[in-house]
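I opened this model to take notes on its fold, its charged pairs and its backbone. The entries are kept in the order in which I looked things up.

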Amino acid sequence: MASLTHPNLVILSGAGLSAESGVATFRGTDGLWEGHRIEDVATPEAFVRTPELVQHFYNLRRVALKTVEPNAAHHALVRLENAWPGGFLHVTQNVDDLNERVGAKRLLHMHGQLKKVRCVWCRTVLDWESPVTVDTPCPECGRTGKLRPDIVWFGEMPYYIDEIMRALETVDIFLCIGTSGVVYPAAGFVRLAAEHGCQRLIEVNLKPTGITSHFTEERHGPASIEVPRLVDELLAESMRI
């Protein structure tokens with residue numbers, strides 16, 4: 001049963017949240033990710049086939065992450081997190097750390113994090129910012145060639161699915177920001193929220209997506225403008241409850 005006095009809020013964010021900060025979106029209009037086929041840099045098979053290319057690709061992404069800063073949308077969401085009176089959960093498909101830089105706490109990275117690596121041998125997950133090569137040993141088990149980006153690749157199960165599904169069972173307001181609407185299971189969250197009785201389903205995006213019809217409200221425009229505006233509205237409404 002959804003809360004009647006203090007609404008439970010679940011946020012799903014995608015590449016559109018960080019695009020204005022200069023973070024490259026996952027897939028370009030040509031189907032490539034910064035010049036590479038997805039199959040060459042974002043699958044377990046690619047890591048087995050050409051680990052040098054995969055490591056180099058993610059090493060460059062870590063370096064690029066140091067050149068970008070959070071935008072107004074990131075700041076607004078943390079303001080919402082800190083002031084929201086009901087349940088709050090932010091689920092992001094993004095692998096950057098821009099939300100954390102402005103103080104996000106109740107945040108789940110369902111597709112992993114760029115600044116982490118994990119050992120496929122001993123399963124240790126480590127914070128990591130320096131380059132990784134095929135000769136880099138795992139600090140835990142000492143084996144080389146076993147560290148991989150802690151990124152959920154195509155064909156792998158996203159993180160925290162059970163926790164996300166439980167949150168969608170009691171959500172009152174579902175807010176989707178900057179997602180393409182084509183990557184599952186995240187693209188199906190709005191329908192799951194509706195099936196569990198969520199009456200307010202809000203999409204914020206530059207333009208309509210393939211799942212726009214499932215939302216009850218749409219806000220079209222840059223996240224840096226639309227998200228702060230929406231946060232102001234939600235917090236004002238929460239004060240009247």
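The notes below start with the whole chain and then go to single elements and residues.

**Ground rules.** I am working from a predicted model, in which local features need pLDDT of at least 70 and side-chain atom pairs count only at pLDDT 80 or more, while totals for chains, interfaces and linings use all residues. Residues are numbered from 1 along each chain as its sequence is written, and side-chain values use heavy atoms, with hydrogens and water left out.

**Whole chain.** I counted nine helices and 11 strands in the protein chain. Helices (H or I, at least four residues) and strands (E, at least two) are DSSP runs, numbered from the N terminus. I looked up the extent next: the C-alpha trace spans about 60 × 35 × 30 Å along its principal axes.

I then checked burial, where buried means under 20% relative accessible area, exposed over 50%, and partly exposed in between (1.4 Å probe, protein chains only). Buried residues make up 49% of the 241 residues. The accessible surface comes to about 11,600 Å², and 55% of this belongs to carbon and sulfur atoms. Accessible areas come from the Shrake-Rupley method with a 1.4 Å probe; for residues, only the protein chains shown count as cover. For contacts (heavy atoms within 4.5 Å), I took residues at least 6 apart in sequence, and 64% of these contacts join residues at least 24 apart.

**Helix H4.** I compared the length of H4 (residues 51–65) with expectation: its 15 residues should span 21 Å at 1.5 Å a residue, and the end C-alpha atoms are 21 Å apart, which agrees. The expected span is 1.5 Å times one less than the number of residues. The buried residues of H4 include Phe57, Tyr58, Arg61 and Arg62.

**Helix H7.** Which residues of H7 are buried? In H7 (residues 161–169) they are Ile161, Ile164, Ala167 and Leu168. They cover an arc of only 125° around the axis, so they lie on the same side of H7. The arc is that of the directions from the helix axis to the C-beta atoms. On the other side of H7, Asp162 and Arg166 are exposed. The cover over the buried residues of H7 includes strand E1 (9–13), strand E4 (88–92) and helix H8 (189–195).

**Salt bridges.** Side chains of opposite charge can pair when their charged atoms come close. I count a salt bridge when a side-chain nitrogen of Lys or Arg is within 4 Å of a carboxyl oxygen of Asp or Glu. The structure holds 16 of these salt bridges.

I looked at arginine 101 and glutamate 69, whose side chains meet in a salt bridge at 3.8 Å, N to O. This pair links distant parts of the chain, 32 residues apart: arginine 101 is in helix H6 (residues 98–101), and glutamate 69 is in the loop between H4 and helix H5 (72–83). Arginine 101 is partly exposed at 34%, whereas glutamate 69 is exposed at 52%. Both belong to a network of salt bridges that links Glu69, Asp97, Arg101, Lys115 and Glu129.

Glutamate 81 and arginine 106 form a salt bridge at 4.0 Å, N to O. Glutamate 81 lies in helix H5 and arginine 106 in the loop between H6 and strand E5 (107–109), 25 residues apart. Glutamate 81 is buried at 4%, and arginine 106 is partly exposed at 34%.

For the salt bridge of glutamate 156 with arginine 148 I noted 2.7 Å, N to O. Here the arginine, residue 148, is buried at 4%, and glutamate 156 is partly exposed at 22%.

**Backbone.** Where is proline 185? Proline 185 is in the loop between E9 and H8, and the peptide bond from tyrosine 184 to proline 185 is cis, with omega near 10°.

I also noted positive phi outside glycine. Arginine 123 has a phi of about 70°; this arginine is in the loop between strand E6 (112–119) and strand E7 (125–127) and is exposed at 70% relative accessibility. Tyrosine 160 has phi near 65°; this tyrosine is in the loop between E8 and H7 and is partly exposed at 40%.
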